[in-house]
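Q: I am new to this structure. Please take a close look at one part of it for me: the places where the chains meet.

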Protein chains: 4
Amino acid sequence: MKIPAEKTAIVLIEPQNDFLTPGGTMYQYIADQLKERNVIQNLVNLLDGARGKCKIFYCPFQAFKPGFPELKPGGPGTDGLRGIEMEMKADWGTGAWLDGTPGPEIIDPLTPKDGDVIIRGKLTLDAFHSTAINYLLRANEIEYVAVVGFHTNWCVESTARSAYDNGFRVIVIGDCTATDTEREQKYAEEVIFPRIGKVMNHEEFLSSLV
Amino acid sequence: MKIPAEKTAIVLIEPQNDFLTPGGTMYQYIADQLKERNVIQNLVNLLDGARGKCKIFYCPFQAFKPGFPELKPGGPGTDGLRGIEMEMKADWGTGAWLDGTPGPEIIDPLTPKDGDVIIRGKLTLDAFHSTAINYLLRANEIEYVAVVGFHTNWCVESTARSAYDNGFRVIVIGDCTATDTEREQKYAEEVIFPRIGKVMNHEEFLSSLV
Amino acid sequence: MKIPAEKTAIVLIEPQNDFLTPGGTMYQYIADQLKERNVIQNLVNLLDGARGKCKIFYCPFQAFKPGFPELKPGGPGTDGLRGIEMEMKADWGTGAWLDGTPGPEIIDPLTPKDGDVIIRGKLTLDAFHSTAINYLLRANEIEYVAVVGFHTNWCVESTARSAYDNGFRVIVIGDCTATDTEREQKYAEEVIFPRIGKVMNHEEFLSSLV
Amino acid sequence: MKIPAEKTAIVLIEPQNDFLTPGGTMYQYIADQLKERNVIQNLVNLLDGARGKCKIFYCPFQAFKPGFPELKPGGPGTDGLRGIEMEMKADWGTGAWLDGTPGPEIIDPLTPKDGDVIIRGKLTLDAFHSTAINYLLRANEIEYVAVVGFHTNWCVESTARSAYDNGFRVIVIGDCTATDTEREQKYAEEVIFPRIGKVMNHEEFLSSLV
């Protein structure tokens, strides 16, 4: 497969401390998978190899203010995953993605560099529902979207499904994604992603760019 | 759990011959699951029990014209599942969802009745990306969306994920959904749906309506 | 200006009897503008000249069932223009876009031809909010969207604004659009469209295609 | 008219220096209208009167990095208004919404207060296309959306049109909006807003809240 680099974007979902750094609210659940599959280093290699060829878009989750004034208590925004995250404990307090804590900061090894674009405002699983991602991809005449980051079967998958439904050609770079369990990682890579796009590892992706 | 019927909609995804009737392009893959889990009868019971209480929205997949003039050959619309479906064989010819064939017709046991609403135009996995579903749900002041239909881990799941991201309270009525394999059905019911909403069977749903 | 025909789509908004034919609910308001500005003939000329070069997408408004079961009485779907239309009188009864009446049918001179695509399901001002238009444009690798039809400052403008926000290059073919008054037509052509795209007449458009 | 405060949100579009403060890129064009119609003071009065009753959402335009790495030179993101703004001169340099300049900062008199929510990431005319506004409104069980800010016929109008299309009940508080010319302000208030919602001034709005 040849991938035209000029028309390709890497979309990096939520490379933040709450997921990826000891002490973060959700680190303990994903830690084993991160380590076993060498995911942070794979991401560093991917971005280092792709910068200057592909456009790189960061999609961090947007911080909440202390007390979560953005979400009505008991409202639908406190159902499901989002509600669970509001109660989770980090070393720096209770609640994920809290403004003023290290939780929502991008981890050091993945610090954005010149030319990378940070897309602001993500509050939903699917970046297309809460950010300018569609606009920015099209403003850059992107046709191929390579999704990476966290978690494989949540925000990565919701965003990849939407990219497919928005008429992009989808790539998921499997070794640059992670989630809490092997069952979830395998299911997403084996069942879902091959039917909405191509699954490859970061070395295959980099060597396919033309 | 009490579910206020006035604010609840059932969204029925793609109850059509191409999936559900012998001779349909994709029937052979889902047939065992449909039978083992008694899904069509469960759906009939659900709709019979809910009509007059909840609003019922049908979301059939939109038919293509012969030759698929809607999709550019080799374009991104022919990647993934959609492209595979264009090559599939039905008893009545090649290609799923073909206008003029029985494929896109709603199956007899699930024929819409007075007051049911048929949402037209679905061409994507996620009904929110290609139909008026968001507008119609809101025009009916719906807060609870109960998703049912086919396939559990494709269009049902994409639509349920988007309903969650659009601020609805999501219910998936598991025994009124089906997909090709037990692995996929179980994964969606055990891993995904409980974290974006409630999973229940149709009897629990009907007895929760108030 | 050179417009690459292969990457260009004409999007024709609501060329239907309720707007354009004597006896239609809203015909009386637009009739003078249609005639003075020769709009139907311009549209015929545009489509005849463009077919085989550009992709043509029809976006008719979707019919409602008698009694409007799709919209909750008193709900937000009955506010504003939509509510007004529900009370309007046609020669064939009360209410615009009623299934089973001539209202939602496409007018004879603009009957779709082979290869044209009809996008189903439009229920909102902006086609992007209720149809597969974004998916279909991208599935056809479209970059330039030429919007035409009715009404200039309502559905045409809402759709053109959204096309701009979705990263398409927007063209409005002014003499192939109409609305109820000269004030509205001029305002849209002079103030709005030039700042989100190019305004041209159908002859300029056809001669710009390469 | 009675407006239930608990279900009502004020959405304040782009209250930022580039529009509203001498030296800002676009201030000179809107300055007369701001002064004649007393818009900033009206907004201060509106927010002071509504805080603690309605939810208040700020929608500032998102800053670009110097050099606009977010938008491909010559790409569709540089067409129309956005492209014009990239060339405009402020006292602090060339280009609107530039990160590190006063341009994208919210003006002092409208500084957000405790409980107000700032929605991040707006890069399109219509806030629904680039932010979490739909999610946040629904997470707060909002039914009535009162749109205010700048410019009346651009981002305010695009957002109000989309709110209507997303099934919200729309209010535009006319004396809390402004644009460059009286023609544009009057047209939007007289022709567009009354057909997608209610137009009122800030005193009427505040006295209607129950």
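A: What follows goes through the chain contacts, then turns to the fold beside them.

The model is predicted. Start with chain A and chain B. Here 32 residues of chain A are in contact with 32 residues of chain B. The area buried between these two chains is about 3100 Å². Carbon and sulfur atoms give 50% of that area. Three residues stand out on the chain A side. Arg161(A), Asp165(A) and Tyr187(A) supply 22% of the area that chain A buries against chain B, more than any other three residues.

One links Arg183(A) with Glu190(B), with their closest N and O atoms 3.1 Å apart. Polar contacts join 30 residue pairs across chain A and chain B, counting pairs with both residues at pLDDT 80 or more.

Which helices does chain A bring to chain B? Helix H4 (80-86), helix H6 (152-165) and helix H7 (182-196) of chain A each supply at least two residues. H7(A) gives the most, with 9 residues. By class, the side of chain A that touches chain B holds 10 nonpolar, 10 polar and 12 charged residues.

Now move to chain C and chain B. This contact takes 27 residues from each of the two chains. Together chain C and chain B bury about 2300 Å², and 57% of it lies on carbon and sulfur atoms. The interface of chain C and chain B has 2 salt bridges. In one of them, the side chains of Lys72(C) and Glu141(B) meet at 2.8 Å, N to O. Helix H5 (residues 133-139) of chain C gives the most to the side that touches chain B, with 4 residues. That side of chain C has 9 nonpolar, 10 polar and 8 charged residues. Between chain C and chain B, 10 residue pairs are in polar contact, both residues at pLDDT 80 or more.

Chain B takes part in both contacts. Look inside chain B next. There, 6 strands form an open sheet with parallel pairing, in the order E5-E2-E1-E6-E7-E8. Strand E5 (117-118) and strand E8 (197-200) of chain B are the edges, and each pairs on one side only. Strand E1 (residues 8-13) and strand E6 (residues 144-150) of chain B run parallel, joined by 6 bridges. Thr8(B), for instance, has Tyr144(B) in E6(B) as its bridge partner.

Last, a record. In an unreviewed entry, UniProt lists residues 8-204 of chain A as "domain: Isochorismatase-like". That span is 37% helix and 19% strand, and its end C-alpha atoms lie 15 Å apart.

Methods
Residues numbered from 1 in each chain as written. Chains lettered and ligands numbered in written order. Predicted model: local features only at pLDDT ≥ 70, side-chain atom pairs only at ≥ 80, totals over all residues. Heavy atoms only, no water. Contact = heavy atoms within 4.5 Å. Buried area = accessible area lost by both parts, 1.4 Å probe. Salt bridge = Lys/Arg side-chain N within 4 Å of Asp/Glu carboxyl O. Polar contact = N/O pair within 3.5 Å; in protein donor to acceptor, adjacent residues only side chain to side chain. Nonpolar A, V, L, I, M, F, W, Y, C, P; charged D, E, K, R; others polar. UniProt positions renumbered as here; feature names shortened; annotations may be inferred. Pairing = 2+ DSSP bridges.
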